Amino acid sequence: MFLFIIKTLTSFGLIYAIFGFYGNVSDNLFVKSLLCVCILLATYWVDLFRFSRIFLNYFRAVRCLKKGRYYKAFSLFERLLSAEFAPSLPHLARMRFIGLGTNINVNAAKYFSERAIRNDYQECIYLLAVINFFGDSLSEYFTRTYGRMNADDVSAKKNIIKKGAGRTGSVADTEKTPATKKRRTSVHNSPITPDYNECVFHLQSYLEKASETDRDYGDACALMAYCLYTGKGVPKNIEKSNDLFRHAAMLRAKNVDYLKNCALNNTEVSNYSI
């Protein structure tokens, strides 16, 4: 930061010198403008290169995520986080929680969610509420659900390696391409127990700040309705719970039917869609 300030002050000093001491301000405007552009490029080319590389990696990561290359996407998001690029935080939080392209680490998911919230990514308030509601109880469910997607990603990568080996005449099994770069964020993976009070607090905060057009708004209503119906983290309120269930169904929430059945049958929630 100090270096950036020094470079900025130096640039403005040189530009002021060009316009202030080289004839009148309006004389040779083209030459002066060209000199100013050269000064700015010479001063900030490193920053421009760095920012362009960061944004390129971000778009690559999003593209990999859409195309099912989850390990590569996670590696790129971690690389972006090492460059303090905040938009990677919501992706890392979700992928760490469900184990998409990486191992499940609920502590890391909670850490990334909290950092994302401090950077004003309000969608992570809902994710943090879900983490507080379930703790690490969904780890086996997510392993079964998203493990197949990870396996498909690894299988596709092996097929690419085999095709490349066939073209070059080398043996595919000798190719060693690690699925992820060793750029892990160090967060201790210890058990997390549900905290319903924190869950309700974050759900209320999310419902106040978000709008109904947000992707997770309906599911937040459904989870809040379940908490109100069962009295988890909040006093029971069956009437308000039913209203929220109806609202969540109107918004076509993914989990509303399952959560409502669990509430009516007084059973624990054993799976959940993020």
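Modeller: The structure is a predicted model. In the lining of the largest pocket, 10 residues are nonpolar, one is polar and five are charged.

Colleague: How many residues line the largest pocket, and which of them lie nearest its centre?

Modeller: The lining comprises 16 residues, and those nearest the centre are P90, H91, R94, E123 and R215. By the classes used, Pro counts as nonpolar, and Arg and Glu count as charged. Two or more lining residues come from each of α2, α4 and α6. The space in the largest pocket is about 340 Å³.

Colleague: Why is the pair of Y58 and F85 called edge-to-face?

Modeller: In general, the distance of the centres and the angle of the planes describe a pair of aromatic rings. Centres must lie within 6.5 Å for a pair, and planes over 60 degrees apart count as edge-to-face. The ring centres of Y58 and F85 are 5.4 Å apart and their planes stand at 65 degrees, so the pair is edge-to-face. Y58 belongs to helix α2 (residues 29–66), while F85 sits in the loop between α3 (70–82) and α4 (88–98), so that the pair links distant parts of the chain, 27 residues apart. Both Y58 and F85 are buried.

Colleague: What makes the pair of F134 and Y272 tilted?

Modeller: Planes under 30 degrees apart would count as stacked and planes over 60 as edge-to-face, with the rest tilted. For F134 and Y272 the planes are at 50 degrees and the centres 5.2 Å apart, so the pair is tilted. F134 is in helix α6 (residues 123–134) and Y272 in the segment after α11 (256–265); the pair therefore ties together parts 138 residues apart in sequence. F134 and Y272 are both buried.

Colleague: How many aromatic pairs does the structure hold, and which residues do ring pairs link into a cluster?

Modeller: There are 14 aromatic pairs. Ring pairs join F55, Y58, F59, F77 and F85 into a cluster.

Colleague: How do you know that the buried residues of α11 are on the same side?

Modeller: The buried residues in α11 include V256, L259, C262 and A263. These residues cover an arc of only 130 degrees around the axis, which puts them on the same side of α11. The face turned away from that buried side carries the exposed residues D257 and N265. Among the elements covering the buried residues of α11 are α9 (217–230) and α10 (238–250). Just after α11, N266 has a positive phi of about 55 degrees.

Colleague: Why is R115 called buried?

Modeller: The cut-off for buried is under 20% relative accessible area. R115 has 17%, and is therefore buried. R115 is part of helix α5 (residues 106–118). Leaving aside residues up to four places away in sequence, R115 touches L81, E84 and L89.

Colleague: What is the relative accessibility of N132, and how is N132 classed?

Modeller: N132 has a relative accessibility of 5%, and so counts as buried. N132 lies in helix α6. Not counting residues up to four places away in sequence, N132 touches K110, P194, D195, Y196, E198, C199 and H202.

Terms used:
Residues are numbered from 1 along each chain as its sequence is written. This is a predicted model: local features need pLDDT of at least 70, side-chain atom pairs count only at pLDDT 80 or more; totals for chains, interfaces and linings use all residues. Side-chain values use heavy atoms; hydrogens and water are left out. Rings of Phe, Tyr and Trp (its six-membered ring) pair if their centres lie within 6.5 Å; planes under 30 degrees apart count as stacked, over 60 as edge-to-face and the rest as tilted. Helices (H or I, at least four residues) and strands (E, at least two) are DSSP runs, numbered from the N terminus. Buried means under 20% relative accessible area, exposed over 50%, partly exposed in between (1.4 Å probe, protein chains only). The arc is that of the directions from the helix axis to the C-beta atoms. Contact means heavy atoms within 4.5 Å. On a 1 Å grid over the protein atoms alone, a cavity is a set of points where a 1.4 Å probe fits but cannot get out, and a pocket is an open set with protein on both sides within 12 Å along at least five of seven lines; lining residues have an atom within 4 Å of a point. Grid points are joined across faces, edges and corners, and a volume is the space filled by probe spheres set on the points.
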